[in-house]
2 protein chains.
Amino acid sequence: MGHCHKWGQKFIDFGFRLTAARECIFEILLKTDAHLSAEDIYMAIHKINPAIGLTTIYRTLELLEQNGIVRKFEFGHGRAKYELNEEYEGKKHHHHLICEKCHKIVDYSEFVKEEKEYIKKAENGLEKKYGFSIKDHLIDFYGICPDCKKE
Amino acid sequence: MGHCHKWGQKFIDFGFRLTAARECIFEILLKTDAHLSAEDIYMAIHKINPAIGLTTIYRTLELLEQNGIVRKFEFGHGRAKYELNEEYEGKKHHHHLICEKCHKIVDYSEFVKEEKEYIKKAENGLEKKYGFSIKDHLIDFYGICPDCKKE
DNA sequence: TTAATAATGAAAATGGTTTTCATTTTCGTT
DNA sequence: AACGAAAATGAAAACCATTTTCATTATTAA
Ligand SMILES: [Mn+2]
Ligand SMILES: [Mn+2]
Ligand SMILES: [Zn+2]
Ligand SMILES: [Zn+2]
């Protein structure tokens with residue numbers, strides 16, 4: 001385990017140990033472009049290392065989230081979904097398109113310029129008016145996906 | 001129960017019965033400007049009519065949600081929160097400012113003009129590119145509220 | 001009034017997530 | 001290499017918001 005990607009070093013710097021389970025969970029998140037639940041990850045990891053338990057998945061995901069390595073989403077369809085923070089994937093800043101029927105989640109990165117303009121203005125104004133220190137934002141669009149429209 | 005506000009008529013038109021419990025839940029949502037959980041509503045209703053059970057609260061909220069009368073939010077702090085749809089309150093279109101520490105939720109209605117511009121452009125573009133029929137959107141800002149900053 | 005249907009409360013079940021606890025692994029120090 | 005403290009782990013149990021079940025009650029239309 002001597003190599004240590006940049007995230008691994010960051011992880012160690014935080015004071016945590018870089019175990020097989022943790023590396024494996026990170027790798028799974030890195031390879032996918034989907035939004036995985038804890039159980040999705042558990043099933044994926046089970047093929048590689050059946051000894052790793054679901055509890056460890058939950059614990060690792062919480063750890064990763066608290067240290068800004070993964071983002072946790074509660075879209076309200078039963079289970080939380082996780083994805084690697086944008087800086088760790090090749091991904092750009094993005095938001096989500098959510099199908100109200102089949103619960104499919106699609107990333108989109110369009111209209112960033114317009115978004116930035118609106119967000120910057122809103123953030124500044126809201127910080128001033130409501131006294132919040134704003135750190136993050138979330139934009140979701142809800143609708144019906146093309147597959148579900150066919151039915 | 002002969003009077004029947006506009007929402008009540010709408011409710012009956014949908015084919016449902018306008019019972020005491022349902023009216024009471026609606027009234028509670030109408031009077032508050034907070035974002036209530038099912039249990040918040042249960043506790044509020046309990047003082048007025050202790051016979052109404054928590055199950056009815058959940059069932060009514062689901063019914064109201066499915067018919068566009070209330071909006072359900074899963075902010076990810078354990079329990080879902082409900083608020084009356086904008087058209088039923090005196091409220092304008094609004095979004096949320098969420099404190100990551102104390103989980104306080106603040107409504108804001110500022111920057112609607114800028115928001116509309118961005119949303120319209122994004123919606124049109126995304127519908128075209130991803131084939132979704134977009135029906136709704138959600139914008140949240142996350143940060144630290146003024147009270148939590150003091151500590 | 002009557003019968004069909006809808007709504008209800010209490011209790012039990014559900015299911016994703018967290019906690020507990022005994023055991024194992026890791027890592028800095030000998 | 002061996003040691004010992006601290007961290008990480010898995011299995012099982014607990015948790016807890018929400019849903020389901022089911023027997024009873026309320027509402028409605030005829
Ligand atoms: Mn995403
Ligand atoms: Mn609100
Ligand atoms: Zn769909
Ligand atoms: Zn706060």
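How many residues of chain A are in contact with chain B, and how many of chain B with chain A? In this predicted model, 39 residues of chain A are in contact with 39 residues of chain B, where contact means heavy atoms within 4.5 Å.

Residues are numbered from 1 along each chain as its sequence is written, while chains are lettered from A and ligands numbered from 1 in the order in which they are written. Because the model is predicted, local features need pLDDT of at least 70 and side-chain atom pairs count only at pLDDT 80 or more, whereas totals for chains, interfaces and linings use all residues; side-chain values use heavy atoms, with hydrogens and water left out.

**The interface of chains A and B**

Together the two chains bury about 3,800 Å², of which 68% is on carbon and sulfur atoms; buried area is the accessible area (1.4 Å probe) that two parts lose on being put together, summed over both. Tyr118(A), Phe132(A) and Phe141(A) supply 21% of the area that chain A buries against chain B, more than any other three residues.

The rule finds 4 salt bridges across this interface, a salt bridge being a side-chain nitrogen of Lys or Arg within 4 Å of a carboxyl oxygen of Asp or Glu. Glu110(B) and Lys129(A) meet through their side chains in a salt bridge, at 2.7 Å from N to O.

Strand 5 (133–144) is among the elements of chain A that touch chain B; strands (E, at least two residues) and helices (H or I, at least four) are DSSP runs, numbered from the N terminus. Strand 5 of chain A gives the most to this side, with 12 residues. Strand 5 of chain A also pairs with strand 6 (residues 133–144) of chain B in the antiparallel sense over 11 bridges; two strands pair if DSSP finds at least two bridges between them. Within this pairing, Asp140(A) has Leu138(B) as its bridge partner.

**The surface near DNA strand C**

DNA strand C is surrounded by 18 residues, and the closest include Tyr58(A) and Arg79(A); a residue is near a strand if one of its heavy atoms lies within 4 Å of it. Sugar and phosphate make up 68% of the atoms of DNA strand C that come within 4 Å of the protein.

| Residue and its atom | Atom of DNA strand C | Distance |
|---|---|---|
| Arg59(A), polar side-chain atom | base oxygen | 3.5 Å |
| Arg17(B), side-chain N or O atom | sugar or linking oxygen | 3.1 Å |
| Ala51(B), backbone N or O atom | phosphate oxygen | 2.7 Å |

How values were computed
A polar contact is a pair of N or O atoms within 3.5 Å; within protein, one must be able to donate a hydrogen and the other to accept it, and residues adjacent in sequence count only if both atoms are side-chain atoms.
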